[in-house]
Amino acid sequence: MGFAVEGYGAKFGAPYRESKRKWVKLLETKYNLAFENRLYPGYHTEKVVEAKAAGSIPIYYGDLGMKNLNSEAFLNIAQFDYLDEALDAVADLVHDEHKQRTITSTPLFLNPPTIDTVLNQVERGLLRVGL
């Protein structure tokens with residue numbers, strides 16, 4: 001079994017303006033490596049959300065303590081102490097259709113965000129940076 005690997009973003013020579021091409025490709029993928037740049041309590045970006053929204057199975061690397069993310073909706077390799085354990089978990093996922101269906105059908109958010117929640121987060125962020 002072979003896998004095609006695509007890379008998007010500045011590190012792969014694809015600037016932000018090519019995000020439409022990224023989305024088209026993401027919609028065609030079964031798995032998405034959604035790695036955060038760092039592990040920091042409460043920190044996550046769009047990566048796991050985009051993967052889930054596109055219908056991919058997120059193989060995530062991010063904070064284990066995210067209060068509103070359903071940990072059953074993705075495979076978070078940050079939970080493993082050793083790389084070989086993480087790779088074994090990915091291999092198990094690839095070969096287990098039941099696990100794949102479970103992750104795919106599980107909602108990402110424990111409590112779906114509302115427009116008020118999003119606006120409050122934006123307001124708090126603007127206040128933090130002094131705007």
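A pocket is an open set of points on a 1 Å grid over the protein atoms alone, where a 1.4 Å probe fits, with protein on both sides within 12 Å along at least five of seven lines. Its volume is the space filled by probe spheres set on the points. This is a predicted model: local features need pLDDT of at least 70, side-chain atom pairs count only at pLDDT 80 or more, and totals for linings use all residues. Residues are numbered from 1 along each chain, and hydrogens and water are left out of side-chain values.

**Exercise 1.** Describe the second largest pocket and its lining.

Step 1. The space is about 610 Å³.
Step 2. Lining residues have an atom within 4 Å of a point; here there are 18. Gly42, His44, Met66, Gln121 and Arg124 lie nearest the centre.
Step 3. Helix H5 (residues 115-128) gives the largest share of the lining, five residues.

**Exercise 2.** Find how helices H3 and H4 pack.

Step 1. Take H3 (residues 83-95) and H4 (residues 97-105); helices are DSSP runs of H or I, at least four residues.
Step 2. The angle is about 95 degrees and the axes are 5 Å apart. Axes are lines fitted to C-alpha atoms over the stretch in contact, and angles run from 0 to 180 degrees between N-to-C directions.
Step 3. H3 is therefore roughly perpendicular to H4 (65 to 115 degrees).
Step 4. Contact (heavy atoms within 4.5 Å) involves Asp92, Leu93, Val94 and His95 of H3, with Glu97, Lys99, Gln100 and Ile103 of H4.

Technical notes: Helix = DSSP H or I, 4+ residues; strand = E, 2+ residues; numbered from the N terminus. Parallel < 35°, antiparallel > 145°, perpendicular 65-115°, else oblique.
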